[in-house]
Structures are given as structure tokens and as C-alpha cells.
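Here's a quick briefing to read alongside the model. Have a look at the structure first, then work through the points below.

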Amino acid sequence: MFTIFVPGAHTIGRAHCRFVDPQITPIVSSDLNPAFAANLSWICLPANSPVKQRQTVHLDFITKDLFDNAYFQNILAKRAIFHTDAELLNATDTRQLVQLYAQNQAQFFQQFSISMVKMSQLGVLTGNQGVIRKRCSVPNWHSICHSRNPCLLHPFLFLCLVMFWKSLLHQVQ
């Protein structure tokens, strides 16, 4: 049950438009309120614009810099930035929790604090067992490549790089 509270942290913060684009292109997701989708499109599109690529949006347009239960209210109103957040309405048990926490901020705060404590006890890697990423979406290359060994890529990572380069070549042609 505590996994619903972790996304509850989306009540504060920002997202780059590149993570919003799948919700609004090539067609607007049915997860989004049409007026909200139009607002996101105005902020984030066209995606190929250098300015728009660096653009960010608030995860919560209602209470931008306040940690509260507006995240759940946004989901109910179809104003969830991420599809994964909107998906919480698709299962009965998570939908009921979204509805409960949209109405009861104190209960959300209580459960969120319990969940954060549980998450902190999952076992953090320390020393050379773990890596703190400089950018969340990209692994640090020094953790993959070692000074004694040549840089060996995981087969999946290699496949991703090949597909990336092919897509770049296709765009150039």
C-alpha cells in the first residue's frame, strides 16, 4: 500500500517537457483534461524547439510550491503530468486511496510519513556498493568503465546506444 504515497511527492517539484510530451503528442492522452492538455501543449510544444527542450512545468499547477494533497485532487481532475500518476485511477484499491487522500490531507500526511520511513529502511547501498547519479536519468560512466578494464557495455545498454545512433542517422538522411 505504501507505493501510492511515494508518487504523492509529485505534489511539489517540476518536470522537463520531454517527460510530458508523451502525454500530449502525437495525440492528447485520454488521461488528461482537454483544457489542461492545451495548457501543457502551449508550454511544451513544439518539442523540437531548443527553448522548449529545456522548459519545465510544475507537477502541481494548483499549489505549485506547497506540499499538500493537491496531487490527488489533480489526478481526480485529470491534471496528472505523468501517465503513471493517472494510472492510479485504473485500479479500484488505488482509486479509493486517491479519493480518500484528495479529501483528507491529514490522513495523507500521516501515511506519507510512515511510507517515507519504510522506504528509508529498504537498505541503502554505501561506499563502493552504490552510485549517486549526477543526473537521475543517466548512469555515471565512471561506474560502468573502470580504469583497469576497457569500458564494457551491458548488452542492453549497447542495444540502446545502437538504436539511438540509428535514429540519429535516420534523421540526418
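The lining of the largest cavity splits into six nonpolar, two polar and two charged residues (Ala, Val, Leu, Ile, Met, Phe, Trp, Tyr, Cys and Pro count as nonpolar, Asp, Glu, Lys and Arg as charged, the others, Gly among them, as polar). This is a predicted model, where local features need pLDDT of at least 70, side-chain atom pairs count only at pLDDT 80 or more, and totals for chains, interfaces and linings use all residues. Residues are numbered from 1 along each chain as its sequence is written, and side-chain values use heavy atoms, leaving out hydrogens and water.

**The cavity**
- Searching the whole structure turns up one cavity of 30 Å³ or more (on a 1 Å grid over the protein atoms alone, a set of points where a 1.4 Å probe fits but cannot get out; lining residues have an atom within 4 Å of a point).
- The largest cavity has a volume of about 40 Å³, the space filled by probe spheres set on the points, which are joined across faces, edges and corners.
- Helix α4 (residues 70-76) gives the most to this lining, with three residues (helices are DSSP runs of H or I, at least four residues, and strands of E, at least two, numbered from the N terminus).

**His 58**
- His 58 sits in strand β2 (residues 56-58).
- His 58 counts as buried because its relative accessibility is 15% (buried means under 20% relative accessible area, with a 1.4 Å probe and protein chains only).
- Leaving aside neighbours within four places in sequence, His 58 is in contact with Gly 13, Arg 14, Lys 64, Asp 65 and Ile 81 (heavy atoms within 4.5 Å).

Notes
Buried means under 20% relative accessible area, exposed over 50%, partly exposed in between (1.4 Å probe, protein chains only). On a 1 Å grid over the protein atoms alone, a cavity is a set of points where a 1.4 Å probe fits but cannot get out, and a pocket is an open set with protein on both sides within 12 Å along at least five of seven lines; lining residues have an atom within 4 Å of a point.
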